Amino acid sequence: MARVRVDPDRCVGHGRCYALAPEVFDADDEGHCLIPNEHVDGELEIQARVGEESCPESAITVEDD
Ligand code: F3S
């Protein structure tokens with residue numbers, strides 16, 4: 001189990017996170033990242049880490065929960 005978060009001050013809307021891992025990340029009306037459910041495990045945790053690694057702004061963090 002892990003907790004995935006986005007820092008709204010760092011997210012500028014590159015959109016790589018929700019393009020690569022749409023089951024974990026969503027977009028608001030301006031294309032910034034939203035995370036409907038911060039608690040992930042299994043395949044969703046793997047996807048969350050894909051999003052973390054994909055963000056050029058390092059806006060996403062995944063921590064063990
Ligand atoms: Fe934002 Fe990074 Fe995703 S800038 S939209 S968190 S790829």
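Helix 1, covering residues 16-20, gives the most to the shell around the ligand, putting in three residues. Keep in mind that this is a predicted model. The ligand has 13 residues around it, and the ones that come nearest are Cys11, Val12, Gly15, Cys17 and Cys55. As for where the ligand ends up, it sits in the largest cavity.

Now for the sheet. Strands of a sheet pair up through backbone hydrogen bonds, and they can do this either parallel or antiparallel. Here, three strands make an open sheet, lined up in the order 4-1-5, with antiparallel pairing. Strand 4 (39-40) and strand 5 (60-64) are the edge strands, so called because each pairs on one side only.

Strand 1, made of residues 2-6, runs antiparallel to strand 4, and two bridges join this pair. Across from Arg3 stands His39, which belongs to strand 4. Strand 1 is also joined to strand 5, this time by five bridges, and again the two run antiparallel. In this pairing, Val4 stands opposite Val62 of strand 5.

Finally, there is a helix to go with the sheet. Helix 2, spanning residues 42-54, lies across strand 1, strand 4 and strand 5. Relative to strand 5, helix 2 runs at about 140°.

Terms used
Residues are numbered from 1 along each chain as its sequence is written. This is a predicted model: local features need pLDDT of at least 70, side-chain atom pairs count only at pLDDT 80 or more; totals for chains, interfaces and linings use all residues. Side-chain values use heavy atoms; hydrogens and water are left out. A residue is near a molecule or strand if one of its heavy atoms lies within 4 Å of it. On a 1 Å grid over the protein atoms alone, a cavity is a set of points where a 1.4 Å probe fits but cannot get out, and a pocket is an open set with protein on both sides within 12 Å along at least five of seven lines; lining residues have an atom within 4 Å of a point. A molecule sits in a cavity or pocket if more than half of its atoms lie within 2 Å of its grid points. Helices (H or I, at least four residues) and strands (E, at least two) are DSSP runs, numbered from the N terminus. Contact means heavy atoms within 4.5 Å. Axes are lines fitted to C-alpha atoms, for helices over the stretch in contact, and angles run from 0 to 180 degrees between N-to-C directions.
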